[in-house]
Structures are given as structure tokens and as C-alpha cells.
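Reader: Before we look at anything together, could you show me how to read the packing inside a protein and the surroundings of a ligand?

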Amino acid sequence: MTQHRSLTGITTSGTPHLGNYVGAIKPALAASQDPAAEAYYFLADYHALVKCFEPERLHQSTLEIAATWLALGLDTSRAVFYRQSDIPEIPELTWLLTCMTAKGLMNRSHAYKAAVQANESAGEDPDFGLSMGLFNYPILMSADILMFNATHVPVGRDQAQHLEMARDIAQRFNHHYGEHFVLPEAVIDAQVATLPGQDGRKMSKSYDNTIPLWLPEKQLRKQIMRIVTNSQEPGEPKDPDSANVYAIYAAFATPEQRAAMRAAFADGIAWGEVKQQLFELINAELAEPRARYQELLASPAIIETELQAGAARARAYARPFMQRLRSAVGIGSLA
Ligand code: TRP
């Protein structure tokens, strides 16, 4: 068994934004450099189906997110890079896990409870508009992770509960059918776990506060200038720790740059100047991969070839493992 296998997925339901980059992609790319660790990265298109009912959009998002990882330099000769739906063993495992998952565990899901609560406050039926896909989401995510016996899962803080659930489900399966699954650990970078959006809430498509990752330079600057600040004047000392624009800056800056920016806040730097420096910092980091990204978007066949090669490698692990799991639960050939 491998000592360290890192795995993470990105849901293909939108255009990649700075929050995805800082919270998931960048730490994952860094982890994939570690020669002592194996890295599995995938496009979670089955997860996207839970909330995205526009085929065109789901398809385009898959293309954009795949191009993003490749443009940012994912080394696919090392990392296993694949599309979830190319691995039929994942939905197969999902069913085995579903039958080992207590319904009560799913009832406690934050995402599900929040949706029920929103319905209740709106005076609707508690289950109004909720699909079984949403309810079962954590089981599918557990299958993603357990299928490859990942030991480490870099995710945003909002996903911590899903990792707890994956461990619970794995434990129950192991207890009943024997030791098949490694218990995965969430890896949450305390420094940059969730990036705030323009309005200060978590940068998320659902809050409509995202800054797309691959905006052309001019538009990127414009979006950064829209980050909400308070009405303090230039010259007034400012508090970096309550400033959303600083939190975003910190996610991209080196420790030295952070210290210099904190000093500038104490000296009363103008908000416009903070934003200009933030723009320059982000743009310097993204300019080169942005050009590669545009090239890849124009050649989807290159991306598809990468994904097929990745799927073959992923299935080389998943297929025999699934066979073993089938036999562990009592399913298989009678001959
Ligand atoms: N649920 C994750 C998110 O919304 C995406 C995801 C799906 C994932 N499967 C995963 C992340 C497995 C880590 C491991 O961000």
C-alpha cells in the first residue's frame, strides 16, 4: 500500500475562479511535486450533475477546468489526471457504499440541512426542490476517494464534513467486510482554506462574488477594483485582518510581501493602491499560464487524449480493486 496518495476533485459546473485556484488547484499542484507522494486529480462531472442541469454549460466547464490544470503545469506523467465519468467503477462503488451508509449520517450533512432550512424559512415543504443526488452527494464523494485509497485529500474548509463522512463510511465497510479502505485525511491549509469574494463572503459561484481565473488583464483589474472595502481615507491606518482585499492579497503573496503590505496598512495606504498592488501580484502569476490556457481551449483533442490516458491509469487501479470489493460483499461469478 502506498504511503501517501493525495486526491482531489473539482466540480465541473462553472468557470474556474480565483477561489478554486487558491483553495484547491494551487495546493494540489504543489503536492504533486512531492516525489514521495502520488497525486490523483479529477474532474468531478458526476458531482456537477447534482446542481447543473445545462448540458452545454457542464460540457464547457469540463473543458475549461481540464485546460486550467494543464495550463498551470500539471505534470500528467506523474499525476493521474482523469474525468470521474470515465471511471465506471466509481458509480459502482457508490452503490456498495450507499448500502453501508446510515441514512442518519446523511441527514446530518450541512449542505442538506441548509437546503431544508432554507425551504422551511420560505414556508415550503422541507424537501422542496431537493434531489436524491444532493442527498447522496457525500457518498459519491466518498467513492471518489475510497476507490483509490487516497490517504490525503486537499479540500476547502467547507468540505471537512464530507471527509468525516468518507471516513465513517469506510470504517463501517471495513468493520463489516474486512479491511479494504484506508481512512482518508482532509488537508486544509489554514492560511488560504477559503478565499473571500468581492463582497467578503467565501468566493463562490452561489454568491455571485467570484473573480474568474482567466480574465483578460484589463477585466481582471476591473474586477479587483470592485472588491468591497470600507470608507477609510488614504492616510488613515487600516486593519488588514478585517480587510477582504488583504485576505485575497495574502493568499497570493510571499511572507515578505505580506509583511510589507501589513506595514503599508499601518501607514494608511489608500484602498485603490492596495487593489492596484493586488492586481499586479495576481497578474504576474497568471500571465504566462493564461496564454497556454487559451491555446489549450483551442485544441480540445489534446486535452481529451490526456484524459483518456489518465483514465486508463486510474482504472488500472480501480478495476482490480473493484473486483476485490465485489467479491468481498458476495457478488461475482458463480462458476
Ligand atoms: N465536493 C468537492 C467540492 O465541491 C468536489 C469533489 C468531488 C471532491 N469529489 C471529491 C474533492 C473528492 C475531493 C475529493 O469542492
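**Reading the core and the ligand site**

Reader: Which residues touch the most other members in the largest nonpolar core?

Author: A nonpolar core is a set of buried Ala, Val, Leu, Ile, Met, Phe, Trp, Tyr and Cys residues joined through side-chain atoms within 4.5 Å, where buried means under 20% relative accessible area (1.4 Å probe, protein chains only). Here the largest one has 54 residues, of which Leu18, Trp69, Phe81, Phe252, Phe265 and Ile282 touch the most other members. Helix 12 (271-297) is one of the elements that supply at least two residues each, and with nine residues helix 12 gives the most; helices here are DSSP runs (H or I, at least four residues), numbered from the N terminus.

This is a predicted model, in which local features need pLDDT of at least 70 and side-chain atom pairs count only at pLDDT 80 or more, while totals for chains, interfaces and linings use all residues. Residues are numbered from 1 along each chain as its sequence is written, and side-chain values use heavy atoms, with hydrogens and water left out.

Reader: What does Phe252 touch?

Author: Contact means heavy atoms within 4.5 Å. Leaving aside residues up to four places away in sequence, Phe252 touches Leu18, Tyr21, Val22, Lys26, Gln257, Leu281, Ile282 and Glu285.

Reader: Which residues come nearest to the ligand?

Author: A residue counts as near when one of its heavy atoms lies within 4 Å. Of the 14 residues around the ligand, Gly9, Tyr137, Met141, Asp144 and Gln159 come nearest. A polar side-chain atom of Asp144 lies 2.7 Å from a ligand nitrogen atom, and one of Gln159 lies 3.1 Å from a nitrogen atom of the ligand.

Conventions:
Buried means under 20% relative accessible area, exposed over 50%, partly exposed in between (1.4 Å probe, protein chains only). A polar contact is a pair of N or O atoms within 3.5 Å; within protein, one must be able to donate a hydrogen and the other to accept it, and residues adjacent in sequence count only if both atoms are side-chain atoms.
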